[in-house]
Amino acid sequence: MSKVQPNYVLPLVFLVAILLGFALLLIMPASKKENKEEIIPIGGPFELIDNNGVRRTEADFKGQYLLVYFGYTSCPDVCPIALQTMSEAVERLGEKGKLVTPIFITVDPERDTVEQIDLYISDFHPRFVGLTGTPKQTAAAAKAYRVYYAKANEDKDYLTDHTSILFFMGPDGRFLNHFRHGETVEKISQEMSRHLN
Ligand code: NI
């Protein structure tokens with residue numbers, strides 16, 4: 001038995017297929033864009049004490065670009081290199097560098113007192129802000145930036161394992177980019193400069 005189809009069915013199927021195709025084209029770029037913006041949030045609220053003993057929160061840094069690094073002052077090699085790199089990258093930006101505040105947050109608040117942090121950052125960029133806090137405040141700040149840290153041993157002069165990543169944050173507090181340890185001063189300043197333009 002052959003079914004007789006009205007002669008408009010086939011063109012209608014084509015029309016629907018074409019419309020679906022257009023609909024997909026319209027939806028796809030939108031969803032791609034959404035995915036791009038759906039980056040895991042890095043950063044967020046924190047409450048710490050700066051190298052002058054003043055309580056600071058993320059709100060105090062609104063309007064400034066931040067180059068944030070978590071480490072500890074008795075770190076033998078990784079942290080000093082990171083802070084030196086940060087200082088040089090900010091300097092390399094020249095005038096625009098004034099828009100960027102380099103921030104050092106300790107993951108070793110037990111030993112890194114306000115005085116210790118202040119002494120430590122004085123070796124680096126003059127606009128460096130050092131932050132310490134209670135172990136709980138430190139843990140909260142590290143969690144916001146997805147930074148891992150843990151005592152490596154129980155010696156008196158213990159080492160601390162920690163994530164070594166620079167976070168570049170926008171004036172609205174939003175994460176812009178990160179730089180892995182060993183990234184060159186040139187690359188970091190170039191990338192920051194791109195955002196500052
Ligand atoms: Ni370190």
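Biologist: Which order do the seven strands of the open sheet take, and what kind of pairing does the sheet have?

Modeller: The order is β2-β1-β5-β4-β3-β8-β9, with mixed pairing, where strands (E, at least two residues) and helices (H or I, at least four) are DSSP runs numbered from the N terminus. β2 (55-57) and β9 stand at the edges with a single partner strand each, so one side of each is left without a neighbour in the sheet. From one strand to the next the twist averages 30°. This is a predicted model, in which local features need pLDDT of at least 70 and side-chain atom pairs count only at pLDDT 80 or more, while totals for chains, interfaces and linings use all residues. Residues are numbered from 1 along each chain as its sequence is written, and side-chain values use heavy atoms, with hydrogens and water left out.

Biologist: What makes β1 and β5 a pair?

Modeller: Two strands pair if DSSP finds at least two bridges between them; β1 (residues 47-50) and β5 (residues 129-132) have two bridges, in the antiparallel sense, so they meet the cut-off. I49 has T132 as its bridge partner in β5.

Biologist: Why is α2 called oblique to α5?

Modeller: The axes of α2 and α5 (residues 185-196) come within 8 Å and cross at roughly 50°. That angle makes α2 oblique to α5, since angles under 35 degrees count as roughly parallel, over 145 as roughly antiparallel, 65 to 115 as roughly perpendicular and the rest as oblique. The crossing is right-handed, a term used when the near helix is turned clockwise from the far one by less than a right angle, with anticlockwise giving left-handed. At this crossing T85, E88, A89, V90 and R92 in α2 meet V185, E186, I188, S189 and M192 in α5.

Biologist: What makes β8 a mostly covered strand?

Modeller: Buried means under 20% relative accessible area, exposed over 50% and partly exposed in between, with a 1.4 Å probe and protein chains only; by that rule five of the five residues of β8 (residues 165-169) are buried. Both faces are covered, with I165, F167 and M169 on one side and L166 and F168 on the other. In a regular strand the side chains alternate between the two faces of the sheet.

Biologist: How many bridges join β8 to β3, and how many join β8 to β9?

Modeller: Three bridges join β3 to β8, which run antiparallel, and L67 has F168 as its partner in β8. Five bridges join β8 to β9 (residues 175-180), again antiparallel, with M169 opposite F175. The hairpin of β8 and β9 has five residues between the strands, and there G173 takes a positive phi near 85°.

Biologist: How do you know whether C75, H162 and T160 are buried or exposed?

Modeller: Their relative accessible areas are 8% for C75, 14% for H162 and 7% for T160, so each value falls under the limit and each residue is buried. T160, which lies in β7, touches residues including Y72, V107, R111 and Y149.

Biologist: What makes the phi of R146 worth a remark?

Modeller: Most residues other than glycine have a negative phi. R146, in the loop between α4 and β6 (149-151), has a positive phi of about 55° although it is not a glycine.

Notes: Contact means heavy atoms within 4.5 Å. Axes are lines fitted to C-alpha atoms, for helices over the stretch in contact, and angles run from 0 to 180 degrees between N-to-C directions. Lists of a residue's contacts leave out its neighbours within four places in sequence.
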